[in-house]
Amino acid sequence: MTQKLSIRHIVAFILAVSVCAISTSAFAQGVAGSPFTNHVVQPGPQVVIGNPVPMPIDLDPNGGPWHKNIGDPQFLTLGPATIDLFETMQNVGTEAWGDWHEHLLPAPTGLPAHTWAGVISLSINGNPIGFSSNISGSGLTLDLFNFSQPVLPGDIFTIHKQINTIGSGGVPGGFIRLEQYPTPYFVPEPSSVAMLLAGLLISVARRREMR
């Protein structure tokens, strides 16, 4: 009887730990200290950030989005109707990234809003990876997910994306204001490990009962 109770207790403990792990990690997104950065660049058609030195970013459960201003300090046009934006960053935290999210913020007063045109490619340490993308919110929100491999701590992550800079009335825009954040990647998921261990323990208990 003691043996059966101890196995049940172990199973219950594993399930409880997995629930706690899921509940705490589900909100682990954002960047340490909610950084705000300004990037002075030359007019397009290509804008490059984080080359040759990648921009460091660290996941933090209590952090907020990474807020960036990108553009000419005089609010001059960044380029033609569509510009290519290359951003390179390094995961300097302790958690792997499983996806990436960006949101274009309202342009400064008097300037037209920008919209996402799409994403050309993603790469990790210089090697292209597969992904899925979705543009929503009237073209302001960009979600990247289904990475073919996670961005591990220490990895260098590059995104080649395109932004429409022509606003209403055909007026070219200037500054790009956006916020970004990754979300963590978990392998294996705590719930999967817990269910596997619980199944193994139950199987062992049944075999012992049959003896």
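Starting at the N terminus, the elements of the protein chain follow the order α-β-β-β-β-β-β-β-β-β-β-β-β-α. That makes two helices and twelve strands, where helices (H or I, at least four residues) and strands (E, at least two) are DSSP runs numbered from the N terminus. Please keep in mind that this is a predicted model, in which local features need pLDDT of at least 70 and side-chain atom pairs count only at pLDDT 80 or more, while totals for chains, interfaces and linings use all residues. Residues are numbered from 1 along each chain as its sequence is written, and side-chain values use heavy atoms, with hydrogens and water left out.

Let us begin with the chain as a whole. Of its 211 residues, 40% are buried; buried means under 20% relative accessible area, exposed means over 50%, and partly exposed lies in between (1.4 Å probe, protein chains only). The chain exposes about 11,300 Å², and carbon and sulfur atoms supply 59% of that area, as computed by the Shrake-Rupley method with a 1.4 Å probe.

Now step inside. In soluble globular proteins, nonpolar side chains tend to be buried together. Here the largest nonpolar core has 29 residues, and M89, W100 and F157 touch the most other members. Such a core is a set of buried Ala, Val, Leu, Ile, Met, Phe, Trp, Tyr and Cys residues joined through side-chain atoms within 4.5 Å. Strand β7 (residues 115-124) gives the most to this core, with four residues.

Rings of Phe, Tyr and Trp (its six-membered ring) pair if their centres lie within 6.5 Å; planes under 30 degrees apart count as stacked, over 60 as edge-to-face, and the rest as tilted. By this rule there are four aromatic pairs. W97 and W100 have ring centres 5.5 Å apart and planes at 40 degrees, so this pair is tilted. W97 is buried, with a relative accessible area of 0%, and W100 is likewise buried at 0%. W100 also pairs with F157, edge-to-face, at 5.9 Å centre to centre with 65 degrees between the planes. Because W100 lies in strand β6 (residues 97-104) and F157 in strand β11 (residues 156-164), the pair ties together parts that are 57 residues apart in sequence. Ring pairs link W97, W100, F147 and F157 into a cluster.

Two strands pair if DSSP finds at least two bridges between them. Strand β12 (residues 176-184) is joined by five bridges to strand β4 (residues 66-71), running antiparallel, and N69 stands opposite R177 in β12. Seven bridges join β12 to β6, also antiparallel, and there E102 stands opposite Q180 in β12. Elsewhere, K68 lies over the face of W66, at 3.9 Å from the ring centre; a charge sits over a ring if NZ of Lys or CZ of Arg is within 6 Å of the ring centre and within 35 degrees of the ring normal.

Strands β9 (residues 132-136) and β10 (residues 141-145) pair in the antiparallel sense over five bridges, with L144 in β10 as the bridge partner of S133. They form a hairpin with four residues between them, and G137 in the turn has a positive phi of about 60 degrees. S138, in the loop between β9 and β10, has a positive phi near 60 degrees although S138 is a residue other than glycine. At 73% relative accessibility, S138 counts as exposed.

Most residues other than glycine have a negative phi, and most peptide bonds are trans. N125, in the loop between β7 and β8 (127-129), has a positive phi of about 55 degrees although it is not a glycine, and N125 counts as partly exposed at 42% relative accessibility. The peptide bond from N51 to P52 is cis, with omega near 15 degrees, and P52 sits in the loop between β2 (46-49) and β3.
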